[in-house]
Amino acid sequence: MNNTQFLDYWDSPLGCLAFSASCTGLTSIKFVSEHQLPIFANKYITSAKTQLEEYFLGKRRTFDLSLDSSGTEFQQSVWQALLTIPYGEKRSYRDIALAIDKPKAVRAVGAANGRNPFTIVVPCHRVIGANGSLTGYAWGVDIKAQLLRHEAQYQ
């Protein structure tokens, strides 16, 4: 098994994004404070950077990327449910719990949402509190609000 890891960065309009990938797909996209070396990209990272550039230009609403995520079965089910939230729309944590047929798992959905390894691409920023508040976001509520405003302007 090849355990080669790839890493690259991109200065998005909202801050520096770090891309990690394996030989089979992306393993994470996350905001970081600065670039760190070494940079060693592959086709999965190159594709993700291109698609995110298109997203920020308002030319892309969905992503077509190979994701190599690791997480529990429950986390994976939450992340799959996040992928069904349409561009520019919002869902509550309860909506996601119902979508995965675990209506009592609202808090667990929140925890899984917070562990989403693919910021923006797996749209955890589209999940809000039941009262409409912008509760929690691993990268800060300000970035969450900016992403939602960005999507609203291109609807």
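Mentor: Let's begin with rings: those of Phe, Tyr and Trp (its six-membered ring) pair if their centres lie within 6.5 Å, and planes under 30 degrees apart count as stacked, over 60 as edge-to-face and the rest as tilted. Ring pairs of this kind link W10, Y55, F56, F63 and Y87 into a cluster. Keep in mind that this is a predicted model, where local features need pLDDT of at least 70, side-chain atom pairs count only at pLDDT 80 or more, and totals for chains, interfaces and linings use all residues. Residues are numbered from 1 along each chain as its sequence is written, and side-chain values use heavy atoms, with hydrogens and water left out.

Trainee: How many aromatic pairs does the rule give?
Mentor: The count is six aromatic pairs. One of them, Y55 with Y87, has its ring centres 6.2 Å apart and its planes at 75°.

Trainee: Why is the pair of Y55 and Y87 called edge-to-face?
Mentor: The distance of 6.2 Å is within the 6.5 Å limit, and the angle of 75° is over 60, so the label edge-to-face applies.

Trainee: What makes the pair of Y55 and Y87 a tie between parts of the chain?
Mentor: Y55 sits in helix α1 (residues 43-56) and Y87 in the loop between α2 (73-82) and β4 (91-92), so the pair ties together parts 32 residues apart in sequence. Helices (H or I, at least four residues) and strands (E, at least two) are DSSP runs, numbered from the N terminus. The protein has five helices and five strands, in the order β-β-β-α-α-β-α-α-β-α from the N terminus on.

Trainee: Why does S22 count as buried?
Mentor: Buried means under 20% relative accessible area, exposed over 50%, and partly exposed in between (1.4 Å probe, protein chains only). S22 has 7% relative accessibility, so buried is the word for S22. Its place is the loop between β2 (15-21) and β3 (26-31).

Trainee: What makes the side chains of S22 and D68 a polar contact?
Mentor: The term needs a pair of N or O atoms within 3.5 Å; within protein, one must be able to donate a hydrogen and the other to accept it, and residues adjacent in sequence count only if both atoms are side-chain atoms. The side chains of S22 and D68 make such a contact at 2.5 Å.

Trainee: Why is Q146 called partly exposed?
Mentor: Q146, in helix α5 (residues 141-153), has 26% relative accessibility, so partly exposed is the label.

Trainee: Where do D101 and I120 fall, buried or exposed?
Mentor: D101, at 64%, counts as exposed, whereas I120, at 1%, is buried. D101 lies in the loop between α3 (93-99) and α4 (106-114), and I120 in the loop between α4 and β5 (127-128). Phi is positive in each: near 65° for D101 and near 70° for I120.

Trainee: How do you know that β1 and β2 pair?
Mentor: Two strands pair if DSSP finds at least two bridges between them. Seven bridges join β1 to β2, which run antiparallel, and among them L7 has S20 as its partner in β2.

Trainee: How do you know that the radius of gyration agrees with a compact globule?
Mentor: The radius is taken over C-alpha atoms, and the globule rule is 2.2 Å times the number of residues to the power 0.38. For 155 residues a compact globule would be near 15 Å, and the protein has 15 Å, so the two agree.
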